[in-house]
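Please go through the structure below with this report at hand. The headings follow the order of the discussion.

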Amino acid sequence: MRPTLRLLLSAVVLSLLGSLPLTASAADTRTKIVNAANGEVGQGETPPGSNCNPYGACESWCSHFATWTWRKAGSDIPNYGFTGDIYTWGQRKGRAHSGNTGMKPGDIVLYGTGPQNTSTSLHTGVVVATGNGKITTVEGNSHDKVQKLGPFDPKHAQAAGRPGNIYGWVSAQ
C-alpha cells in the first residue's frame, strides 16, 4: 500500500475512533475492584471493636466495604449496610446469580441461605482471584478488619471457615 493511502486510511480510522464514546471494559472494571479491595487489606475499625469504619456507618460493615470497592471502580451501586440488599440490587440489574459457582474477580459473593433478612444473609466478600475451582476473597468486617481469605472451595465455604455457605453472587459486569 502506498504511504499516502496508508496515511489517509489511518487518519480516517483515528477520526472514527475519536468519535466513539470511551467506556471502561469489563476487565478494567474488575481490575479496579480487585485493586481497591486488595489495597484495603489490614484496614480496621477505629476504635477497635466499635464497628466504625471508613466505608460507611458505625454498624456491621462488610456490605459497606464491598459496595465501596465497586463505587471506587465507577459502579452506581448504593452504599448498602445489609448484604441482602446487594443481591436484590443485582436482581434488579440482571446481575444476581444463585449458587456458588461461576464467580470471577470483582464479583461480590454472599454468605448464608438467602437475601431475605439478617438471619439468612450473613456476610459478603469481594472475589479477588479464582483458579483450580477455588476463590480468594477480600472481606470487610472479618474479625473487625479487612482480610484476604482463601483460596477456598466456594461449594464448601462454611467448612473453610466462612460464616456460612455461598447462596449467591452479583457480577461486577
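## Helix 2 against helix 3

Ile33, Ala36 and Ala37 of helix 2 meet Phe65, Trp68, Thr69, Trp70 and Lys72 of helix 3. Contact here means heavy atoms within 4.5 Å. By class, this contact has six nonpolar residues, one polar and one charged. Ala, Val, Leu, Ile, Met, Phe, Trp, Tyr, Cys and Pro count as nonpolar; Asp, Glu, Lys and Arg count as charged; the others, Gly among them, count as polar.

Helix 2 spans residues 26-38 and helix 3 spans residues 62-72. Their axes are 8 Å apart and pack at an angle of about 130°. That makes helix 2 oblique to helix 3. Axes are lines fitted to C-alpha atoms, for helices over the stretch in contact, with angles from 0 to 180 degrees between N-to-C directions. Angles under 35 degrees count as roughly parallel, over 145 as roughly antiparallel, 65 to 115 as roughly perpendicular, and the rest as oblique. The crossing of helix 2 with helix 3 is right-handed. Right-handed means that the near helix is turned clockwise from the far one by less than a right angle, left-handed anticlockwise.

## Model and conventions

This is a predicted model: local features need pLDDT of at least 70, side-chain atom pairs count only at pLDDT 80 or more, and totals for chains, interfaces and linings use all residues. Residues are numbered from 1 along each chain as its sequence is written, and side-chain values use heavy atoms, with hydrogens and water left out.

## The chain as a whole

The protein chain holds four helices and six strands. From the N terminus on, the order is α-α-α-α-β-β-β-β-β-β. Helices (H or I, at least four residues) and strands (E, at least two) are DSSP runs, numbered from the N terminus.

Of the 173 residues, 42% count as buried. Buried means under 20% relative accessible area, exposed over 50%, and partly exposed in between (1.4 Å probe, protein chains only). The chain exposes about 9,000 Å², and carbon and sulfur atoms supply 54% of it. These areas come from the Shrake-Rupley method with a 1.4 Å probe. Among contacts with a separation of 6 or more, 53% join residues 24 or more positions apart.

Why is helix 3 described as largely enclosed by the rest of the structure? Nine of its eleven residues are buried, so helix 3 is largely enclosed. The buried residues are Cys62, Ser63, His64, Phe65, Ala66, Thr67, Trp68, Thr69 and Trp70. Their cover includes helix 2, helix 4, strand 2, strand 3, strand 4 and strand 6. Gly74 follows helix 3, with a positive phi near 100°.

Ser63 sits in helix 3. Its relative accessible area is 0%, so Ser63 is buried. Leaving aside residues up to four places away in sequence, Ser63 touches Tyr80, Gly81, Phe82, Thr83, Ile86 and Thr124.

## Helix 4

Helix 4 covers residues 83-93. The axes of helix 3 and helix 4 come within 8 Å and cross at roughly 40°. The two helices are therefore oblique to each other. Cys62, Ser63, Ala66, Thr67 and Trp70 in helix 3 meet Thr83, Ile86 and Trp89 in helix 4. This contact divides into five nonpolar, three polar and no charged residues.

In helix 4, the residues Thr83, Gly84, Ile86, Tyr87, Trp89 and Gly90 are buried. They pack against helix 3, strand 1 (96-98), strand 2 (108-112), strand 3 (121-131) and strand 6 (166-170). Just after helix 4, Gly94 takes a positive phi of about 75°.

## Backbone details

One joins Thr46 and Pro47, with omega about -5°. Pro47 lies in the loop between helix 2 and helix 3. Another joins Gly150 and Pro151, with omega about 5°. Pro151 belongs to strand 5 (residues 147-152).

Asn51 is not a glycine, yet has a positive phi of about 70°. Asn51 also lies in the loop between helix 2 and helix 3. At 22% relative accessibility, Asn51 is partly exposed. His143 has a positive phi near 60° and is likewise a residue other than glycine. His143 is found in the loop between strand 4 (134-139) and strand 5. At 69% relative accessibility, His143 counts as exposed.
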